[in-house]
Amino acid sequence: MLNIMLQQRSDTLYGRGALEVPGSKSRLFKVLQDEIEIAQRSVRTDAYQMSIGELVSMYDEGEIIIAPEFQRLFRWEIGQKSKLIESLLLGIPLPSIFVYELEDGKWELVDGLQRLSSILEFMGKLKNSDGTVCAPSVLEATKYLPSLHNSVWAKSDRIDGTPQEEQAEMDRSLQLTIRRSRISVEILKRPSDSMTKFDLFQRLNAGGTVANQQEIRNCIILMINDEYYRAIKAAAETENFKVLTAQTESQMEKQRHIEMAVRFLVHTFVAYDSNLDVGEFIDDGIVELASTGDIATTISAINSTFDLLYQAAGQDALRRFQEGNYSGRVGLVGLEAIAVGVAKNLAAIQKLDNPVEFVKLKTQEFWSQDEVAEFVSPGMRGTTRIQRTVPFGERWFKP
């Protein structure tokens, strides 16, 4: 990502550790200036004031792209949608939306999904991932406009829960008010560094409560390589992976299964940069893997590893083993040390006369090792933990 590029540039110019030299304020300023210039050259932006009507027309013509998978993040409640329409009718300015200019000139929506999708849905324009049109929304009363109750753009028998005779079709003049309302569109233009798009999406969304960290990460993977994302998703939804990582319906709804698959892949194939927070490392690592796009290796690593673990110990392979019994929940230590350890040694393990028995014994003996007691210490930071769990697992499962 952009921060990696800047760090590499700084290291090249001044050498690692240059910023730590006492009395080097002038050098620090020079490095900072260089970093700013590099970042500015990697980003080209533009901004337009556009009407809602123009944006809707662009969506109709396929000139604004909303990735179908992004729409799983479209989950505003009807009250939030109603307040948005209320803001348009009252002339209250909306926050900018951000788009990325593709090679063919079309715009890919980076931020503003909730706002634009709510408007499109209310107008009966929003499309599902299969290309069919979503059912239009019906509004509810708001603080300043209580008469919005049961308001619709146009009456429709496709609106669930509100019969047509109870629907209040919005007057043509109010429709024009909405269509003529203007919103600022911030455009990340080519030839901006493509990684800047991912950084922008993450920064704009990370502070919100609508999308969790993995949902944001999913969207970034989709931006890079949608086939790679679907390969991870399919592997994470296999029965062995789900039972071994103890996924509940609630956790899968929050994309926990994909998060576990992504963590597994990054720890298996990407060396940890100890300068990064664990979350940043996972973000950068999956961008690197998705950019390479080796789908066959990805599917094989997940399926082969978790099939072998399941054969060895069933659904308990990643759980703590003590006094002859498996117990406790499945945590990151089991994933990072056991699953990743097996994956890193998979080829050698598979050449053994009895790979299943080898993995079974090693997973059981793993929990009695002195080092492992430190891994589960409540006060251990994630950055410290993965510098220990992953290398230990690789050594432990080496035949």
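These are my notebook entries on a predicted model.

**Ground rules.** I number residues from 1 along each chain as its sequence is written. For this predicted model I need pLDDT of at least 70 for local features and 80 or more for side-chain atom pairs, while totals for chains, interfaces and linings use all residues, and side-chain values use heavy atoms, without hydrogens and water.

**Confidence.** I looked up pLDDT, the predictor's confidence in each residue from 0 to 100. The protein has a mean of 83, with 82% of its residues at 70 or more. Residues 1–21 have pLDDT below 50, and this stretch has 36 contacts in the model beyond near neighbours in sequence. Contact here means heavy atoms within 4.5 Å.

I take strands as DSSP runs of at least two residues, and helices (H or I) as runs of at least four, numbered from the N terminus. Is E3 (residues 97–101) enclosed or open? Four of its five residues are buried, so E3 is largely enclosed by the rest of the structure. Buried means under 20% relative accessible area, exposed over 50%, and partly exposed in between (1.4 Å probe, protein chains only). E3 runs antiparallel to E4 (residues 107–111), joined by four bridges; pairing requires at least two DSSP bridges. I find Phe98 opposite Asp111 of E4. The two strands make a hairpin with five residues between them, and Gly105 in the turn has a positive phi of about 90°.

**Leu90.** I place Leu90 in helix H4 (residues 78–90). Its relative accessibility is 42%, so Leu90 counts as partly exposed.

**Pro163.** I find Pro163 in the loop between E5 (151–152) and E6 (168–169). Pro163 is partly exposed, at 33% relative accessibility. Asn150 is 13 residues from Pro163 in sequence and 9.8 Å away in space, C-alpha to C-alpha.
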